[in-house]
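I set down what I looked up, in the order in which I looked it up.

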Amino acid sequence: MKVNLIGYPRPALVEFFAELDEPSFRADQLLKWIHQRAVTDFDAMTDLSKPLRRKLAQIAEIQGLASTTEKISTDGTRKWLLSLPDGNSVETVFIPEDNRGTLCISSQVGCSLNCTFCATGRQGFNRNLSSAEIIAQLWFAQRQLETENNRRPITNVVMMGMGEPLLNYEPVIRALKLMLEDCAYGFSRRRVTLSTAGVVPGINRLLNDCPVSLAVSLHAPNDELRSELVPLNRKYRIAELMEACRRYADYDRRWRVTFEYIMLKDVNDSVLHAKALARLLTEMPAKVNLIPYNKVEGLHYERPTAKVIDRFRDVLLAQRIMTITRKTRGHDVDAACGQLKGQFVDRTKRSVRLATSDSRSHALLTQAPIAAS
Ligand code: SAH
């Protein structure tokens with residue numbers, strides 16, 4: 001079987017070439033061909049010797065991902081369903097804004113965490129993605145989006161798609177390294193964000209192995225409520241999580257940890273909740289992202305009114321906590337937070353469950369972004 005080099009970060013490629021008695025700069029050449037020029041045919045890599053090209057073609061391949069469906073929202077958000085060789089597929093979403101373009105990528109097929117409000121969790125967990133399958137989402141989207149006039153349509157990457165990235169640790173780290181690598185995508189650490197439901201040991205390791213911007217899905221200011229919404233909280237409590245976040249933020253004094261807080265009507269949206277959240281974050285270099293709940297079929301939750309969300313935000317702002325209400329994007333094509341489901345091969349039943357959503361009649365929610373600093 002040929003090795004797929006698309007998921008190899010620089011150190012792994014250097015090792016790969018060392019085994020072929022080739023110098024380490026071959027790694028840089030190959031990274032540029034694959035990730036910057038999207039060349040998948042070794043024969044076209046003209047700065048490699050012909051014998052090396054032949055050798056590579058025998059033992060290796062560069063395998064990206066193909067899209068089976070593309071949906072474009074009225075707000076310009078694009079969602080792709082990318083098919084994996086084993087019949088599963090994952091969703092990747094591009095969110096264009098005035099001065100930036102954010103790609104939201106997935107780390108697992110399904111998710112094992114069972115957060116009560118999330119569509120991905122309802123799918124169950126199928127498997128981890130390989131580093132090749134993770135980075136191929138960026139590789140694919142870059143190809144789709146780049147034009148003559150805009151060579152860098154993707155300015156930010158967020159690991160906020162399907163799955164819990166810190167429970168697929170090694171492949172995620174390899175993919176993150178490729179995002180930061182100058183010969184590949186060359187993103188700054190600030191522009192790559194990993195979002196976690198709170199896997200504390202993973203946060204500590206990430207700081208050591210590949211610090212990038214951190215987002216934590218908090219969703220509740222006390223253990224009782226959080227354990228209900230995010231079952232992982234029974235394993236890693238809020239105090240322990242906050243401690244890990246504080247350590248993480250120490251990496252760079254300019255850094256803030258983003259705390260995501262889904263707004264669920266009459267569940268976690270009161271002034272008391274907001275005050276408790278503000279207390280929790282007093283000593284933390286933090287910013288809060290309020291995410292109005294996006295409807296998931298079969299779930300009873302509701303989104304609070306804009307007034308309730310504003311009131312919650314104002315409590316935080318009054319305590320000088322930077323707070324933003326996340327604008328809902330791509331809702332009409334089920335590309336918004338928590339709506340990603342992919343297509344899922346159920347291993348137990350061996351039947352293909354078509355979980356891509358039926359088209360919804362929802363009007364697009366055009367809630368204005370309310371930013372404050
Ligand atoms: N497992 C990681 C990565 C997924 S990120 C994490 O939990 O952070 C996806 C983000 O969307 C998380 O903040 C998640 O809590 C949020 N989310 C999930 N379901 C949602 C829904 N129905 N409406 C709004 N946000 C949702």
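Which elements are included in what covers the buried residues of α10? Before answering I note the ground rules: this is a predicted model, in which local features need pLDDT of at least 70 and side-chain atom pairs count only at pLDDT 80 or more, while totals for chains, interfaces and linings use all residues. Residues are numbered from 1 along each chain as its sequence is written, and side-chain values use heavy atoms, with hydrogens and water left out.

**Entry 1, helix α10**

I found that the cover of the buried residues of α10 includes α8 (223-229), β12, β13 and α11 (306-318), where contact means heavy atoms within 4.5 Å. Helices (H or I, at least four residues) and strands (E, at least two) are DSSP runs, numbered from the N terminus. The helix spans residues 271-280, and its buried residues are H273, A274, L277 and A278; buried means under 20% relative accessible area, exposed over 50%, and partly exposed in between (1.4 Å probe, protein chains only). These four lie on the same side of α10 because they cover an arc of only 135 degrees around the axis, the arc being that of the directions from the helix axis to the C-beta atoms. On the other side of α10 I noted L272 and R279 as exposed. At the start of α10, a side-chain oxygen of S270 comes to within 3.3 Å of the backbone nitrogen of L272, which I list as a polar contact (a pair of N or O atoms within 3.5 Å; within protein, one must be able to donate a hydrogen and the other to accept it, and residues adjacent in sequence count only if both atoms are side-chain atoms).

I then looked up I321, which sits in the loop between α11 and β14 and counts as buried at 6% relative accessibility. Not counting residues up to four places away in sequence, I321 touches A278, L281, V288 and L316; A278 is also one of the buried residues of α10. K327 lies in the loop between β14 (322-325) and β15 (344-346) and, at 39% relative accessibility, counts as partly exposed. From K327 to L290, 37 residues apart along the chain, the C-alpha separation is 9.1 Å.

Which residues come nearest to the ligand? Of the 20 residues around it, they are F117, S195, S217, H219 and N294, a residue being near if one of its heavy atoms lies within 4 Å of the molecule. The shell divides into 10 nonpolar, 8 polar and 2 charged residues, with Ala, Val, Leu, Ile, Met, Phe, Trp, Tyr, Cys and Pro counted as nonpolar, Asp, Glu, Lys and Arg as charged, and the others, Gly among them, as polar. At least two residues of the shell are supplied by each of β10 (192-196), β12 (257-263) and β13 (286-292).

A polar backbone atom of N294 is 2.9 Å from a nitrogen atom of the ligand. Taken alone the ligand exposes 540 Å², and the protein buries 95% of that (Shrake-Rupley method with a 1.4 Å probe; for residues, only the protein chains shown count as cover).

H219 lies in the loop between β11 (213-217) and α8, counts as buried at 6% relative accessibility, and has a positive phi of about 70 degrees although it is not a glycine.

Where do the buried residues of α1 lie around its axis? In this helix (residues 10-19) they are A12, L13, F16 and F17, and they fall on the same side of α1 because their arc is only 135 degrees. The face turned away from that buried side carries the exposed residues P11, E15 and E19. Among the elements covering the buried residues are α2 (25-36), α3 (50-59) and α6 (169-180). F16 itself has a relative accessible area of 12%, and, leaving aside neighbours within four places in sequence, F16 is in contact with V3, L5, Y8, L56, I59 and A60. Just after α1, I noted that D21 takes a positive phi of about 60 degrees.
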